Amino acid sequence: MTRKYLPILLLCFMTASAFAQRAGSGADQIASFADPIEGLPTEGSLFGLPVNVHGQTTYINQRYNNFTSSYSGMNSLSANKSMSYTWSGTLFFGARIAPNTDVYFNPEVVSGVAFSGLTGMGGFTNGEATKAGGAQAKFYSARAFVRQTINQEGEKVVLENEANQITQAVSSNRVVLTGGQFSTLDIFDDSRYAKDPRVQFMNWGNMTYLAYDYAADARGYSWGLAGEWYLDNWVMRASRMLAPKSPNGKDLNWQIFNAYGDQIEVERQHNIADLPGKVSVLAYRNKMILARFQDATNYVIANNAQGTQAINNVRNSNQIKTGIGLHAEQALTKDLGIYGRAFTSDGHTETMSFTEADNSVSVGLGLNGTSWQRPHDSIGISMMQNGLSSYRRNYLQAGGVSYFIGDYASANQTISYRPERIAEMYYNATVIKNVLFGINYQHVSNPAYNSARGPVQIYSFRVHAEF
């Protein structure tokens, strides 16, 4: 599959990520590395309306060799040498239908094969893997939303032309409303250094807080309404998003008052010695029909149901799931910055939309290559630790299996719980204008929180192009 898609990547400039793909904020966004291409305008007018178009294409290839495994279960990561890949292409169309009203549409195509069918880890190693459902390319709508900006008194701020943002002069004090189809992560938990797996860290624990069970379909998108209030250095955000009909399912439940994901975030931006930084607090509250781990554990024991997904048998009523997290980042020089995230969820219920984690911590740094005369190159180094609540851990140790993890093999193999620890490093080099080639290394200790398996060493490369 590698040979099949690499030529497409190298020839396909017609498809870009806006690093942290914006669906409405415009605050502290990561600037795209792409430069204007002569003869290829990305912004203009159509029928008298301001419009823009951008695009991206990304190929990621990951491999690991055999690793130590005392035993394997139904949802274990394969201990044998494996290869995984994803390929994605996205077009970003936008039009300004009124002075402060924009509409955007992002058609997307993805193909790929995940390690072990996307099982066996909490912090999966490729942020694109959740969108891939096999070698055959799948076309779908990633985003289709309206954004309304309500300016108030304040200094003028110019938002530059990029994916999902037509050039716009706004006030530093404003309200922004976004409604339609988008990702919760387009609005919440933005970061300069750890956000977009297409051009930064690849691991899910660096896309956002790993324990943040944000509402989404199986590809990471949803429908909903979000509001943002910018007040000088403060930003306050809130949203309600549709939940899936079943945990981690593709179909969404449109009964938005019966099943949903709510979140609020307060962000404070600042400068230290003229270098930008920020601190934010995010909390969420989900409601949908979910299994409680205590009920699932009781079912496993009472019915000798070890090695099964007993959560399916006790999913009987609406549950409330909550969590809260802290994110901070700071530029140390104009080329170097650091960040940190910490999050905890209540841990009583199964995962609704994201992955198997109830608490998570990540720290890291990002560095541009100005000092070695490669200003468009970048380096990232990070460390993550992910953990489970006692309720989820007891379920797994009793022999239960979740959607993404579950190493139960026999009554003699009790899972030896340890936090999952991941180190990640990458280097991106600009090959030609608007095309980067990156290498990535991840070291995963205690995959799926089991000290009897691993460590796993994953080697990756990617090619990313955008305009």
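Just after helix H4, Asn-304 takes a positive phi of about 50 degrees. Helices (DSSP runs of H or I, at least four residues) and strands (DSSP runs of E, at least two) are numbered from the N terminus. The structure is a predicted model, in which local features need pLDDT of at least 70 and side-chain atom pairs count only at pLDDT 80 or more, while totals for chains, interfaces and linings use all residues. Residues are numbered from 1 along each chain as its sequence is written, and side-chain values use heavy atoms, with hydrogens and water left out.

Two packed helices are described by the angle between their axes and the distance between the axes. Helix H4 spans residues 293-303 and helix H5 spans residues 390-397; their axes come within 9 Å and cross at roughly 20 degrees. H4 is therefore roughly parallel to H5. The axes are lines fitted to C-alpha atoms, for helices over the stretch in contact, and the angles run from 0 to 180 degrees between N-to-C directions. Angles under 35 degrees count as roughly parallel, over 145 as roughly antiparallel, 65 to 115 as roughly perpendicular and the rest as oblique. The crossing of H4 and H5 is left-handed, a term that applies if the near helix is turned anticlockwise from the far one by less than a right angle, whereas clockwise gives right-handed.

The contact between these two helices (heavy atoms within 4.5 Å) involves Phe-293, Gln-294, Ala-296, Thr-297 and Val-300 on the H4 side, and Tyr-391, Arg-392, Asn-394 and Tyr-395 on the H5 side. Sorted by class, the contact of H4 with H5 consists of five nonpolar, three polar and one charged residues. In this scheme, Ala, Val, Leu, Ile, Met, Phe, Trp, Tyr, Cys and Pro count as nonpolar, Asp, Glu, Lys and Arg as charged, and the others, Gly among them, as polar.

The buried residues of H4 are Phe-293, Ala-296, Thr-297 and Val-300. Because these residues cover an arc of only 100 degrees around the axis, they are on the same side of H4. The arc is that of the directions from the helix axis to the C-beta atoms. Buried means under 20% relative accessible area, exposed over 50%, and partly exposed in between, for a 1.4 Å probe and protein chains only. The buried residues of H4 pack against H5. In H5, burial applies to Arg-392, Tyr-395 and Leu-396. Their arc of only 95 degrees around the axis puts them on the same side of H5. The buried residues of H5 pack against H4 and also against strand S13 (317-331). H5 is followed by Gly-399, which has a positive phi near 110 degrees.

Backbone geometry was also examined in the loops. Most residues other than glycine have a negative phi, and most peptide bonds are trans. Asn-434, although not a glycine, has a positive phi of about 70 degrees. This residue is found in the loop between strand S17 (420-432) and strand S18, and Asn-434 is buried, with a relative accessible area of 2%. Tyr-449 likewise is not a glycine and has a positive phi of about 70 degrees. Tyr-449 lies in the loop between S18 and S19 and is buried at 1% relative accessibility. A cis peptide bond, with omega about 5 degrees, joins Gly-454 and Pro-455. Pro-455 belongs to the loop between strand S18 (435-445) and strand S19 (456-466).

Residues in three further strands were considered. Val-281 lies in strand S12 (residues 275-290) and is partly exposed, with a relative accessible area of 38%. Not counting residues up to four places away in sequence, Val-281 touches Ile-264, Glu-265, Val-266, Ile-324, Gly-325 and Leu-326. Val-281 and Gly-364 are 83 residues apart in sequence, with a C-alpha to C-alpha separation of 18 Å.

Met-236, in strand S10 (residues 234-242), is partly exposed at a relative accessible area of 29%. Neighbours within four places in sequence left aside, Met-236 is in contact with Gly-227, Glu-228, Trp-229, Glu-265 and Val-266. Met-236 and Phe-93 are 143 residues apart in sequence and 27 Å apart in space, C-alpha to C-alpha. Trp-87 is placed in strand S3 (residues 82-98) and counts as buried at 9% relative accessibility. The C-alpha atoms of Trp-87 and Asn-248 are separated by 21 Å, and the two residues are 161 residues apart along the chain.
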